[in-house]
Amino acid sequence: MEIIENVKNTNSLDLAFESIDSCFGYIDYIANKIQGLIQFYNEGDLNQANATFIEIVDLMDLYIQLITKVYRVIRANAHGQSFKDENIQKLEIHLLSIIKALLLAKEKEDILMLCDLLEYELIDNLTQWKIKVLPELKKLKDF
(Lines give C-alpha, C1' and ligand atoms only; values in the text may rest on other atoms or scores of the structure.)
Protein backbone atom coordinates (compact mmCIF):
# COMPACT_ATOMS: atom_id res chain seq x y z
CA MET A 1 0.00 0.00 0.00
CA GLU A 2 2.85 2.39 0.84
CA ILE A 3 4.44 1.77 -2.58
CA ILE A 4 1.19 2.66 -4.35
CA GLU A 5 0.94 5.87 -2.32
CA ASN A 6 4.55 6.81 -3.17
CA VAL A 7 3.94 6.20 -6.87
CA LYS A 8 0.75 8.26 -6.69
CA ASN A 9 2.58 11.15 -4.98
CA THR A 10 5.50 10.98 -7.39
CA ASN A 11 3.19 11.04 -10.39
CA SER A 12 1.18 13.98 -9.06
CA LEU A 13 4.40 15.83 -8.20
CA ASP A 14 5.82 15.24 -11.67
CA LEU A 15 2.55 16.40 -13.17
CA ALA A 16 2.63 19.52 -10.97
CA PHE A 17 6.09 20.45 -12.26
CA GLU A 18 5.05 19.80 -15.86
CA SER A 19 2.06 22.06 -15.24
CA ILE A 20 4.36 24.85 -14.07
CA ASP A 21 6.15 24.70 -17.42
CA SER A 22 2.78 24.97 -19.16
CA CYS A 23 1.74 27.94 -17.01
CA PHE A 24 4.34 30.21 -18.64
CA GLY A 25 2.74 29.74 -22.05
CA TYR A 26 -0.75 29.83 -20.58
CA ILE A 27 -0.07 33.26 -19.07
CA ASP A 28 1.21 34.52 -22.42
CA TYR A 29 -1.92 33.16 -24.10
CA ILE A 30 -4.19 34.94 -21.61
CA ALA A 31 -2.22 38.19 -21.99
CA ASN A 32 -2.66 38.01 -25.78
CA LYS A 33 -6.39 37.39 -25.34
CA ILE A 34 -6.57 40.45 -23.06
CA GLN A 35 -4.85 42.61 -25.66
CA GLY A 36 -7.34 41.37 -28.24
CA LEU A 37 -10.23 42.14 -25.91
CA ILE A 38 -9.00 45.68 -25.36
CA GLN A 39 -8.75 46.07 -29.13
CA PHE A 40 -12.34 44.90 -29.56
CA TYR A 41 -13.51 47.46 -27.01
CA ASN A 42 -11.47 50.20 -28.68
CA GLU A 43 -13.04 49.33 -32.05
CA GLY A 44 -16.52 49.24 -30.51
CA ASP A 45 -17.03 45.57 -31.42
CA LEU A 46 -19.09 44.75 -28.33
CA ASN A 47 -20.29 41.33 -29.53
CA GLN A 48 -16.74 40.08 -30.00
CA ALA A 49 -15.64 41.86 -26.83
CA ASN A 50 -18.35 40.18 -24.77
CA ALA A 51 -17.47 36.75 -26.12
CA THR A 52 -13.76 37.31 -25.50
CA PHE A 53 -14.42 38.62 -21.99
CA ILE A 54 -16.28 35.43 -21.12
CA GLU A 55 -13.42 33.40 -22.58
CA ILE A 56 -10.87 35.31 -20.48
CA VAL A 57 -12.91 34.82 -17.31
CA ASP A 58 -13.04 31.08 -18.06
CA LEU A 59 -9.30 31.00 -18.76
CA MET A 60 -8.59 32.80 -15.51
CA ASP A 61 -10.80 30.37 -13.61
CA LEU A 62 -8.85 27.45 -15.08
CA TYR A 63 -5.53 29.15 -14.31
CA ILE A 64 -6.50 29.77 -10.68
CA GLN A 65 -7.65 26.17 -10.28
CA LEU A 66 -4.47 24.86 -11.90
CA ILE A 67 -2.02 26.96 -9.93
CA THR A 68 -3.86 26.22 -6.68
CA LYS A 69 -3.62 22.49 -7.27
CA VAL A 70 0.01 22.69 -8.37
CA TYR A 71 0.88 24.69 -5.26
CA ARG A 72 -0.91 22.23 -2.97
CA VAL A 73 0.83 19.22 -4.49
CA ILE A 74 4.27 20.82 -4.31
CA ARG A 75 3.69 22.08 -0.78
CA ALA A 76 2.51 18.63 0.35
CA ASN A 77 5.68 17.09 -1.08
CA ALA A 78 8.13 19.86 -0.12
CA HIS A 79 9.76 17.80 2.65
CA GLY A 80 11.09 20.76 4.59
CA GLN A 81 12.05 22.87 1.59
CA SER A 82 11.17 26.50 2.02
CA PHE A 83 9.78 28.81 -0.58
CA LYS A 84 8.05 32.16 -0.53
CA ASP A 85 4.47 31.41 0.43
CA GLU A 86 3.80 35.12 0.92
CA ASN A 87 4.40 35.86 -2.79
CA ILE A 88 1.84 33.28 -3.77
CA GLN A 89 -0.68 34.41 -1.18
CA LYS A 90 -0.34 38.10 -2.06
CA LEU A 91 -0.59 37.50 -5.79
CA GLU A 92 -3.50 35.12 -5.39
CA ILE A 93 -5.45 37.58 -3.20
CA HIS A 94 -4.67 40.39 -5.64
CA LEU A 95 -5.69 38.23 -8.61
CA LEU A 96 -9.02 37.36 -7.01
CA SER A 97 -9.67 41.02 -6.19
CA ILE A 98 -8.93 41.95 -9.82
CA ILE A 99 -11.36 39.30 -11.06
CA LYS A 100 -14.02 40.61 -8.68
CA ALA A 101 -13.42 44.20 -9.85
CA LEU A 102 -13.55 43.08 -13.50
CA LEU A 103 -16.90 41.42 -12.99
CA LEU A 104 -18.23 44.50 -11.19
CA ALA A 105 -17.00 46.83 -13.97
CA LYS A 106 -18.57 44.52 -16.56
CA GLU A 107 -21.85 44.47 -14.65
CA LYS A 108 -21.87 48.28 -14.53
CA GLU A 109 -20.84 48.39 -18.20
CA ASP A 110 -17.87 50.60 -17.26
CA ILE A 111 -15.70 49.85 -20.29
CA LEU A 112 -12.97 52.32 -19.29
CA MET A 113 -12.56 50.74 -15.86
CA LEU A 114 -12.73 47.27 -17.40
CA CYS A 115 -9.96 48.03 -19.90
CA ASP A 116 -7.80 49.67 -17.22
CA LEU A 117 -8.18 46.65 -14.95
CA LEU A 118 -7.37 44.27 -17.79
CA GLU A 119 -4.42 46.19 -19.19
CA TYR A 120 -2.78 47.49 -16.03
CA GLU A 121 -3.86 45.20 -13.21
CA LEU A 122 -4.53 41.75 -14.65
CA ILE A 123 -1.62 41.66 -17.08
CA ASP A 124 0.71 42.99 -14.37
CA ASN A 125 -0.50 40.36 -11.91
CA LEU A 126 -0.02 37.56 -14.43
CA THR A 127 3.45 38.88 -15.23
CA GLN A 128 4.31 38.77 -11.53
CA TRP A 129 3.26 35.11 -11.41
CA LYS A 130 5.53 34.51 -14.37
CA ILE A 131 8.61 36.24 -12.97
CA LYS A 132 8.25 35.62 -9.23
CA VAL A 133 6.18 32.59 -8.35
CA LEU A 134 6.52 30.11 -11.21
CA PRO A 135 10.35 30.23 -11.26
CA GLU A 136 10.41 29.85 -7.47
CA LEU A 137 8.18 26.78 -7.65
CA LYS A 138 10.13 25.37 -10.59
CA LYS A 139 13.39 25.58 -8.62
CA LEU A 140 11.95 23.15 -6.08
CA LYS A 141 12.08 20.37 -8.67
CA ASP A 142 15.86 20.18 -8.32
CA PHE A 143 15.65 19.40 -4.59
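The model is predicted, with local features requiring pLDDT of at least 70 and side-chain atom pairs counting only at pLDDT 80 or more, while totals for chains, interfaces and linings use all residues. Residues are numbered from 1 along each chain as its sequence is written, and side-chain values use heavy atoms, with hydrogens and water left out.

The protein contains four helices and zero strands, where helices (H or I, at least four residues) and strands (E, at least two) are DSSP runs numbered from the N terminus. Along the sequence the pattern reads α-α-α-α. Of the 143 residues in the protein, 37% are buried. Burial is assigned from relative accessible area: buried means under 20%, exposed over 50%, and partly exposed in between (1.4 Å probe, protein chains only). The accessible areas themselves come from the Shrake-Rupley method with a 1.4 Å probe, and for residues only the protein chains shown count as cover.

The largest nonpolar core comprises 42 residues, and Tyr63 and Leu122 have the most contacts inside it. Such a core is a set of buried Ala, Val, Leu, Ile, Met, Phe, Trp, Tyr and Cys residues joined through side-chain atoms within 4.5 Å. At least two residues of this core are supplied by each of α1, α2, α3 (85-107) and α4. The largest share, twelve residues, comes from α1. Leu122 is located in helix α4 and is buried, with a relative accessible area of 0%.

Phe24, in helix α1, is partly exposed at a relative accessible area of 21%. Between the C-alpha atoms of Phe24 and Leu134 the separation is 7.7 Å, although these residues are 110 apart along the chain. Ile111 belongs to helix α4 and is partly exposed, at 30% relative accessibility. From C-alpha to C-alpha, Ile111 and Asn42 are 9.4 Å apart in space and 69 residues apart in sequence.

Side chains of opposite charge can pair when their charged atoms come close. The structure holds four salt bridges, a salt bridge being a side-chain nitrogen of Lys or Arg within 4 Å of a carboxyl oxygen of Asp or Glu. Among them is the pair of Asp21 and Lys138, whose closest N and O atoms are 2.9 Å apart. Asp21 lies in helix α1 (residues 2-43) and Lys138 in helix α4, so this pair ties together parts that are 117 residues apart in sequence. Asp21 is partly exposed, at a relative accessible area of 37%, and Lys138 is also partly exposed, at 39%.

Another salt bridge joins Lys130 to Asp28, with the closest N and O atoms 2.3 Å apart. Because Lys130 lies in helix α4 and Asp28 in helix α1, the pair ties together parts that are 102 residues apart in sequence. Lys130 is partly exposed at 25% relative accessibility, and Asp28 is partly exposed at 35%.

A salt bridge is also formed by the side chains of Glu55 and Lys33 (3.2 Å, N to O). This pair links distant parts of the chain, with Glu55 in helix α2 (residues 46-76) and Lys33 in helix α1, 22 residues apart. Glu55 has a relative accessible area of 30% and is partly exposed; Lys33 is partly exposed, at 23%.

On the surface, Asp110, Asp116, Glu119, Glu121 and Asp124 gather in a patch of negative charge. Patches are made of residues with over 30% relative accessible area and no salt bridge; like charges are joined within 9 Å, and nonpolar side chains (Val, Leu, Ile, Met, Phe, Trp, Tyr) within 5 Å. Asp and Glu count as negative and Lys and Arg as positive, while His and the chain ends are not counted. The place of a charge is taken as NZ of Lys, CZ of Arg, CG of Asp or CD of Glu. Asp116 is found in helix α4 (residues 111-139) and is partly exposed, at 35% relative accessibility.

The loop between α3 and α4 contains Glu109. Glu109 has a positive phi of about 55 degrees although it is not a glycine. This residue is exposed, with a relative accessible area of 67%.
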